[in-house]
Amino acid sequence: MILPIRKYGDPVLRQRGRRIETITDEIRQLAADMLETMQAAHGVGLAAQQIGRPILLTVIDVRPSEQPSTMDVDGTTVDVAAQMPLVWVNPELQNPEGEQIGVEGCLSIPEVSAQVKRAATVEVEAQTLEGKRRRFRCGGLLARVAQHEVDHLHGVLFIDRIEAAARAAFAGPLKRLSRETQAALKKSRARK
Ligand code: ZN
């Protein structure tokens with residue numbers, strides 16, 4: 001099922017995700033719905049906050065992008081495309097190394113994109129939907145997406161990480177989007 005994507009101005013995007021203690025059928029279904037939602041929106045990643053659930057769950061699929069990615073799983077280099085899509089439960093970022101600068105956007109902040117400085121490689125320790133704990137070493141685009149999504153899980157957005165001057169340029173569109181989102185939320189609450 002395709003779920004509505006929460007937009008900038010929705011307070012859920014600023015909530016820190018709760019740890020998932022047990023991977024239930026409900027969590028598996030949610031992950032499947034998040035994958036479908038991400039693919040329909042042509043995104044490369046989606047965090048649970050973006051569909052209104054503040055829990056530590058994210059899905060990633062870098063295949064729609066032509067930017068290169070690298071990945072090791074538990075120390076073994078793997079073919080990235082063959083491992084997609086990824087579902088990470090309770091992911092933790094570790095050992096950021098190096099630096100990369102690239103353009104980022106976000107399904108929750110349409111029409112805004114900006115250069116963001118990120119680590120060139122990161123390690124992610126996460127559980128799979130089968131409950132297995134794995135260590136993913138990510139490089140290139142995958143490292144960027146991993147950092148963007150884990151930020152979401154802690155209530156952080158990419159616009160928090162851009163230079164102040166660039167952020168000032170987006171102040172108008174962000175304010176407008178936030179106002180629209182809050183008006184839509186108020187309307188949907190009034191209907192209930
Ligand atoms: Zn995002």
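Guide: Start with a definition. A patch is made of residues with over 30% relative accessible area and no salt bridge, and like charges are joined within 9 Å. Lys and Arg count as positive. Keep in mind that this is a predicted model.

Visitor: What makes Lys-186, Lys-187, Arg-189, Arg-191 and Lys-192 a patch of positive charge?
Guide: These residues are Lys and Arg, which count as positive. They gather on the surface. Like charges are joined within 9 Å, so the five are grouped as one patch of positive charge.

Visitor: Why is Lys-192 called exposed?
Guide: Exposed means over 50% relative accessible area. Lys-192 has 83% relative accessibility, so it counts as exposed. Lys-192 sits in the segment after helix H4 (164-191).

Visitor: Is Lys-186 buried or exposed?
Guide: Its relative accessible area is 60%. The cut-off for exposed is over 50%, so Lys-186 is exposed. Lys-186 belongs to helix H4. From Lys-186 to Ala-120 there are 66 residues in sequence and 41 Å in space, C-alpha to C-alpha.

Visitor: How many helices and strands does the protein chain have?
Guide: The chain has 4 helices and 9 strands. Along the sequence, the pattern is α-β-β-β-β-α-β-β-β-β-β-α-α.

Visitor: Why is the protein chain called as compact as a globular protein of its length?
Guide: The radius of gyration is 16 Å. The globule rule gives 16 Å for 192 residues. The two values are close, so the chain is as compact as a globular protein of that length. Its C-alpha trace spans about 50 × 40 × 25 Å along the principal axes. Buried residues make up 48% of the 192 residues.

Visitor: What makes Asp-61 buried?
Guide: Buried means under 20% relative accessible area. Asp-61 has 5% relative accessibility, so it counts as buried. Asp-61 forms a salt bridge with Arg-63. Arg-63 has 45% relative accessibility and counts as partly exposed.

Visitor: How do you know that Arg-63 and Asp-61 form a salt bridge?
Guide: The side-chain nitrogen must be within 4 Å of a carboxyl oxygen. Here the closest N and O atoms are 2.6 Å apart. That meets the cut-off, so the pair is a salt bridge. A search of the whole structure finds 15 salt bridges.

Visitor: What makes Arg-134 and Asp-74 a salt bridge?
Guide: Their closest N and O atoms are 3.3 Å apart. The limit is 4 Å, so the pair counts. This pair links distant parts of the chain, 60 residues apart: Arg-134 is in strand E9 (residues 133-140), and Asp-74 is in the loop between E3 and E4.

Visitor: Which peptide bond is cis?
Guide: The bond joining Met-84 and Pro-85 is cis, with omega about -5°. Most peptide bonds are trans. Pro-85 lies in the loop between helix H2 (80-83) and strand E5 (86-97).

Key: Residues numbered from 1 in each chain as written. Predicted model: local features only at pLDDT ≥ 70, side-chain atom pairs only at ≥ 80, totals over all residues. Heavy atoms only, no water. Patch = residues over 30% accessible without salt bridge, like charges linked within 9 Å, V, L, I, M, F, W, Y side chains within 5 Å. Areas by Shrake-Rupley, 256 points an atom, 1.4 Å probe, with all protein chains shown as cover. Charge placed at Lys NZ, Arg CZ, Asp CG, Glu CD. Helix = DSSP H or I, 4+ residues; strand = E, 2+ residues; numbered from the N terminus. Buried < 20%, exposed > 50% of the residue type's maximum accessible area, 1.4 Å probe, protein only. Rg over C-alpha atoms; globule rule 2.2 N^0.38 Å.
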